[in-house]
Each structure stands twice: as C-alpha cells, then as structure tokens.
Amino acid sequence: MPLKLLLQLSGRNILRHRRRNGMMLAALVVAVASVVLMNGLIRGMQRDMADMAVDNLVGHVKVLAPGYRDDPGVQRSFALAADWRSALAPGLLEGWAARLQVPAVVISERGTRGVRLVGVHPVREAVSFLGDVEMAGEFLQDAGDGRILVGRALAEQLETAVGRRLVIITEGVDGRSREAGFRIAGLYDADGTALERAFVFTGVEALQKMLGTEAVTELSMRLHEESQLPQVKAALAASFAGLDVLDWRELQPQAAAMFVYADAAIFIWFLVMMGALAFGLMNTLITSIMERVRELGMLRALGLRGRSVVAQVVLESSLLMLIGVAAGVVLGWLLAQALGEGIDLSLWAEGVESFGMRAVLRPILLVEDVVLIAALSLVLGVAASLYPAWRVVRIKPLEALGR
Amino acid sequence: MSGEEQSVVRCVGVSRIYEQAAAPVRALRNLDFEMARGDFVSLVGPSGSGKSTLLNLIGGLDQATEGEVFVDGVALTGLNQTRLADMRLHKIGFVFQSYNLIPVLSARENVEFILQLQGVRSAVRTQRTSEALAALAIEALAHRRPAELSGGQQQRVAIARAIVTNPVLLLADEPSANLDSAATGELLKLLRRLNDERGLSILTATHDPLVMRYAKRRMRLRDGAIVKDSALSPGTATDPMP
Ligand SMILES: Nc1ncnc2c1ncn2[C@@H]1O[C@H](COP(=O)(O)OP(=O)(O)O)[C@@H](O)[C@H]1O
Ligand SMILES: [Mg+2]
C-alpha cells in the first residue's frame with residue numbers, strides 16, 4: 001500500500017474525531033512538556049551540583065596523603081616536587097592549587113567555632129569558588145599573607161568584621177597545639193552556602209610557617225575536559241605513588257549519588273507519564289479502530305493486505321504521537337525558557353544548599369535528552385498501536401463486513 | 001461454452017458447511033456452476049438460499065468446504081490470504097449491499113484509491129478515475145464526501161470503484177437493497193450498459209424482481225442447490241417471476 005495513501009487515510013481519520021483525538025493530543029502534549037521541563041530542571045540541578053562539587057575546594061581530581069580523609073591533619077601531608085607537573089601531558093589542566101588544610105578552632109570575643117583552616121596561594125585559587133567570590137574587604141595579597149578570609153555567615157555567628165582579629169588554635173607538625181591571632185582581611189560571600197561556615201583561608205606559606213612544615217595536604221586540579229579525568233588520574237597515580245588520587249565523585253559521594261538518582265528520577269518520571277499515556281493512547285486507538293472495523297473489513301475485501309491494515313493503525317498512532325511530541329517539546333522548551341531566570345528556591349534554600357545546589361535553579365535542555373524523549377515516545381506510540389492493530393487484523397474481512 | 005479460458009467462473013462440486021454449535025448448516029450443496037465471460041448472471045432465490053455464500057466463495061472472501069472454485073482459470077483453493085487479497089484487488093470488482101465507501105475520502109478519492117492500492121502511476125490513475133466517473137455520470141459529484149451523497153449516488157461511486165480497475169468479474173450482492181425503485185432502475189440500466197458496452201462479466205445476487213429483468217441469465221437457488229437455470233432474452237422487460 002503506498003505510503004501516501006496510508007498517510008492520507010491516517011491523517012483524515014485523526015481529523016475525523018477531532019474531539020477525542022484533541023483530548024488525547026492535549027494529554028500527550030502536557031505529558032511530553034512536563035517530561036521535557038522536568039528533565040531540564042533535573043539537568044539544571046545536576047549541573048549545579050557538579051559545578052559546586054568541583055567549584056568548592058575539590059576540583060576534578062585531588063591528590064591526598066593516605067588517611068587524610070578519615071583523619072585530616074598536618075601530619076598527613078606530602079612535599080610537592082617543583083616539577084610535579086611534568087608527569088602530565090601539557091594542556092590538560094585548566095588550573096591547579098596546592099593547599100595546606102587543617103582542622104582548627106576560631107575564637108572571637110563572642111563565640112568559638114570549629115572550621116577548616118586552609119593555607120592557599122591566592123593566585124592559584126582561580127580554580128575554586130574563591131576565584132570569583134564576592135568579597136567585602138580585601139583578598140589575600142600572596143602566599144605569605146598572614147591575614148585571613150572568613151565566610152560572611154561565620155563572621156555573623158562570631159559577631160566580627162573586616163579588620164578585627166580572631167584567635168585560631170590548631171595542631172602543629174610536632175603534635176603540639178599552636179595558637180595565633182589573625183587579622184580579618186576580607187569576608188567572602190559564597191551565596192549563603194555551607195562553605196561560608198566551613199572554611200577560613202590564609203596564605204599557605206604563612207600557615208606552613210606557623211605549623212612548622214614545608215608540606216601541603218592536598219593538590220587539587222581542574223581539567224578543561226572532564227572526559228580526560230581517567231587519563232589524568234592514571235598519570236597522577238603513577239607519579240604520586242603512595243598517595244591517594246581521587247576524583248570529585250569519590251570525594252563527594254553524596255553529589256555523585258545524587259547524579260545517579262537524578263538520572264533515575266528523569267527515567268521514572270518519563271515511564272510513569274508516558275506509560276499512563278500509552279494506555280490512554282491504546283484505548284483511543286482501540287475505540288477509533290473498532291468503530292472502523294466495517295470500513296477496514298471493506299478495504300480488505302477490496303484487496304488491502306492485512307499488513308497494510310497494521311501499517312495504517314501504526315501510522316495513525318505514530319502520527320498522533322509525532323504531533324503530540326512535537327507540540328510537547330515546543331511547550332516544554334517554552335516553559336523552560338520562561339523559567340530561564342531560574343526558579344528561586346531561596347525559600348527552601350537552607351535545605352537545598354546542604355545538598356550542594358544553588359538557591360536559583362535554572363533548567364537546562366540537552367539536545368540528546370530531548371531527542372531521546374521524542375524517540376522513546378514514538379517507540380511507545382508504535383508499541384501502543386500494535387495490540388489494536390492485531391485485534392482488528394484478526395477479524396476476517398467477511399466477519400468485519402457483517403458488523 | 002466450456003473450457004477454462006472461456007469461463008470467468010467455474011465451480012465444481014462446491015459445498016460450504018458452516019460448523020455451528022447446534023447443527024452444521026449446509027449453505028451450498030455440491031454445486032456445479034459455470035459462467036461465461038461477458039455474461040450477466042443473476043442469482044435469485046429466497047433469503048438464506050446461499051446466494052451470498054456463493055458470491056463470497058467466488059470473490060475469494062470465503063473458502064469452500066468441498067470442491068473447487070476457479071476464477072479466470074485460477075483455482076482459489078490453496079491460495080493464502082495475501083494471494084487472495086491480491087486476486088480480489090486485481091481481478092474482482094465488488095459492489096456491496098451497503099455502499100461501503102470510505103467516509104473520509106471524496107467520491108473521486110474513493111474511486112482512485114483502489115488504483116493506488118494497485119500501484120498504478122498517478123497520471124494513469126487520474127485518467128482512469130475520470131473515465132470511471134464519467135461512465136457513471138458522477139463527475140459533478142467528484143469532490144463530495146459520501147455523507148453528502150444520496151444512496152443512489154453512493155452506489156454509483158461504489159460501482160465506479162468496482163470497474164475502475166477493469167476487473168474480469170463484477171460481483172454485486174443485493175446492490176439495490178438500500179435503493180428505492182427509481183434508483184434501482186437507474187442502477188440496473190447502468191450495469192446492463194457496462195455489460196453490453198464493455199463486455200463486463202457481472203454476477204449479482206438479489207431477490208428483487210426488477211434486478212432479475214436486466215440479467216442475461218437467471219439462476220435460482222434453494223437450500224444451497226441450483227433448482228433452475230434459465231437464459232433470458234436480452235431486453236426482456238417483464239418477467240412474471242415474483
Ligand atoms: N457466517 C455464517 N455462519 C453460519 N451460518 C451462516 C453464515 N452465513 C450464512 N449462513 C447460513 O447459510 C445459509 C445461506 O446464507 P446466505 O448465503 O447468506 O443466503 P442468502 O444470501 O441467499 O440470503 C443460511 O442458512 C444462513 O443462515
Ligand atoms: Mg445474502
């Protein structure tokens with residue numbers, strides 16, 4: 001049977017029952033749009049989580065002394081050779097930072113808090129959130145700068161301000177505690193995230209001097225392409241024998257797990273929506289086909305082959321799906337555009353941020369996701385039509401004519 | 001009038017038994033029937049006598065329980081469903097009791113689509129469709145959909161559809177059952193003209209006495225057997241048979 005004739009018949013049959021097919025289409029459009037939008041929001045969330053996981057002090061990959069993660073301290077440190085980068089092919093790294101990170105207690109006249117005191121090289125911190133964080137006051141001058149940067153939230157808790165002094169207690173390399181006063185150079189604003197309360201920064205050389213060491217506790221790297229991670233990890237593992245080389249997924253298992261859950265959530269949402277819809281579609285098709293049993297029987301009496309009847313039913317279903325999917329994708333895309341500014345989650349921000357998300361959620365539409373959603377929908381459309389087609393083709397032409 | 005190449009239809013010892021829960025129904029009993037090319041045969045007989053059953057067997061819509069049916073020299077027994085469908089498409093024109101047009105297609109499209117099914121080229125299709133519409137004097141209705149046509153007009157479209165493929169045989173089961181007598185008269189004149197002018201072989205089943213008058217040969221069935229077979233003088237306008 002020529003495709004043109006099939007298309008013509010299918011198209012007109014869809015138009016014949018505008019109301020019924022219109023309702024079916026509306027449901028399809030809403031479902032597809034919701035899947036597209038949901039997918040966009042979840043992708044946005046994933047992107048945020050990944051960015052933040054990498055942005056905070058983790059980077060794509062980190063070198064740590066063994067045991068540091070379970071028991072961080074200056075004892076679990078390592079000396080960084082000046083030529084360590086020769087182990088890596090050039091051009092892989094977007095940036096890197098070596099840090100000395102130790103647990104510490106900060107004390108103001110108003111309170112005491114446990115934090116991580118991080119010795120950094122200010123210029124190198126372009127790789128982390130510190131690179132473009134909003135600051136009140138001044139940034140650190142250089143690695144020898146003995147002042148500190150404190151998160152705004154922590155400063156509020158300690159009721160302190162730029163220019164004031166805080167006392168910091170930590171453990172030296174000899175196991176004895178060190179105590180020193182630090183002047184606050186600046187307050188950083190990490191969008192109200194937990195980072196603000198967790199980290200206090202100072203110059204790495206100043207901190208090394210205070211603790212009596214030349215070593216660092218971590219080397220963090222950011223890559224141009226995340227896809228090169230395995231290659232970089234392998235090279236690092238070879239040149240830093242005896243140290244742990246871990247990527248961000250290993251360092252932030254929660255964020256990595258959320259990634260997997262988010263993928264699953266997209267898939268489940270799709271299955272639930274489209275599964276329900278496939279049943280609706282099947283019903284609509286059965287109704288519309290059974291109304292036409294006589295007509296189809298006549299066509300077969302005139303010489304239309306059984307497989308052409310199947311083709312017509314499948315085509316009709318696919319056509320409905322195609323229209324619904326196209327309109328649904330457009331609607332979903334428009335909704336995503338309308339939300340381009342992002343959904344403000346600040347009402348729930350306290351809870352949200354602890355999961356490593358931003359307070360503003362922006363949907364992201366990936367072409368491959370949309371293509372996959374459209375393709376799966378069409379497959380479902382075809383699948384939903386097979387049963388009705390089988391039912392109608394099982395009826396013999398004479399029997400169908402007699403109805 | 002013997003020999004396969006002469007006969008458009010030949011039935012040899014045909015029986016059709018419907019297996020029923022209560023008792024099997026013998027709709028046709030060991031029936032022999034031959035129809036010459038270019039003939040116009042009218043099957044008559046009371047309701048339930050087996051007319052439709054015979055037409056369905058010849059049209060390849062049903063299969064004989066016993067015996068052989070040949071159409072255009074081809075034995076239908078043993079053809080699979082696809083072959084039967086192709087045979088129907090290429091050799092037989094059907095006119096049904098209810099006109100059975102496709103509601104979503106215009107009159108013209110209803111006629112043309114059968115050529116599309118046959119895979120005829122578009123230019124040829126257009127020409128042959130126009131010819132068929134002209135033969136039935138329904139060119140003016142070409143763009144209407146079935147719902148916008150009267151019963152008689154719809155039946156003409158159905159006949160145009162049946163003849164557009166130049167079938168070897170036209171089968172019409174109670175073609176006038178839903179028509180008033182004026183429309184029936186028109187229809188019959190048309191069929192007779194197609195038979196006279198084109199030599200189209202026509203086999204109808206009817207219990208309408210009007211229809212019988214236009215045929216060249218009348219075959220009376222009763223209880224699945226031929227009880228009378230009579231040639232009619234062409235143009236016989238009156239017939240006492242009820
Ligand atoms: N599908 C069927 N199942 C069972 N019996 C049938 C079926 N079709 C026809 N019959 C029986 O076969 C006999 C002949 O029917 P039919 O060929 O339709 O007669 P006609 O067309 O002359 O009225 C009748 O007794 C009818 O009841
Ligand atoms: Mg009958």
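Buried area is the accessible area, found with a 1.4 Å probe, that two parts lose on being put together, summed over both. By that count, chain B and chain A bury about 2100 Å² between them. The model is predicted.

**Interface of chain B and chain A**

- Carbon and sulfur atoms account for 63% of the area that chain B and chain A bury between them.
- Chain B brings 25 residues to the contact, and chain A brings 22 residues.
- On the chain B side, V104(B), Q116(B) and L117(B) lose the most area to chain A. Together these three make up 25% of what that side buries.
- The rule finds 2 salt bridges across this interface.
- R12(A) and E109(B) meet through their side chains in a salt bridge, with N to O at 2.5 Å.
- Two elements of chain B, α2 (81-91) and α3 (107-118), each give two or more residues to the side that touches chain A.
- That side of chain B divides into 13 nonpolar, 6 polar and 6 charged residues.

**Surroundings of ligand 1**

- The shell around ligand 1 comes from chain B, and its residues include Y18(B), Q20(B), V25(B), A27(B) and P46(B).
- A run from S47(B) through G48(B), S49(B), G50(B), K51(B) and S52(B) to T53(B) also belongs to this shell.
- By class, the shell residues are 4 nonpolar, 7 polar and 1 charged.
- G50(B) has a polar backbone atom 3.1 Å from an oxygen atom of ligand 1.
- K51(B) uses its side chain: an N or O atom there is 2.9 Å from an oxygen atom of the ligand.
- T53(B) places a polar side-chain atom 2.5 Å from an oxygen atom of ligand 1.
- Taken alone, ligand 1 exposes 560 Å², and the protein buries 62% of that.
- In chain B, β2 (25-36) and α1 (51-58) are the elements that give two or more residues to the shell.
- α1(B) gives the most, with 3 residues.

**Salt bridges in the whole structure**

- Over all chains, the search finds 29 salt bridges.
- Within chain A, the side chains of R222(A) and E94(A) form one of them, at 3.8 Å from N to O.
- R222(A) sits in strand β9 (residues 218-223) and E94(A) in strand β2 (residues 93-107), so this pair ties together parts of chain A that are 128 residues apart in sequence.

Conventions
Residues are numbered from 1 along each chain as its sequence is written. Chains are lettered from A and ligands numbered from 1 in the order in which they are written. This is a predicted model: local features need pLDDT of at least 70, side-chain atom pairs count only at pLDDT 80 or more; totals for chains, interfaces and linings use all residues. Side-chain values use heavy atoms; hydrogens and water are left out. A residue is near a molecule or strand if one of its heavy atoms lies within 4 Å of it. A polar contact is a pair of N or O atoms within 3.5 Å; within protein, one must be able to donate a hydrogen and the other to accept it, and residues adjacent in sequence count only if both atoms are side-chain atoms. Accessible areas come from the Shrake-Rupley method with a 1.4 Å probe; for residues, only the protein chains shown count as cover. Helices (H or I, at least four residues) and strands (E, at least two) are DSSP runs, numbered from the N terminus. Ala, Val, Leu, Ile, Met, Phe, Trp, Tyr, Cys and Pro count as nonpolar, Asp, Glu, Lys and Arg as charged, and the others, Gly among them, as polar. Contact means heavy atoms within 4.5 Å. A salt bridge is a side-chain nitrogen of Lys or Arg within 4 Å of a carboxyl oxygen of Asp or Glu.
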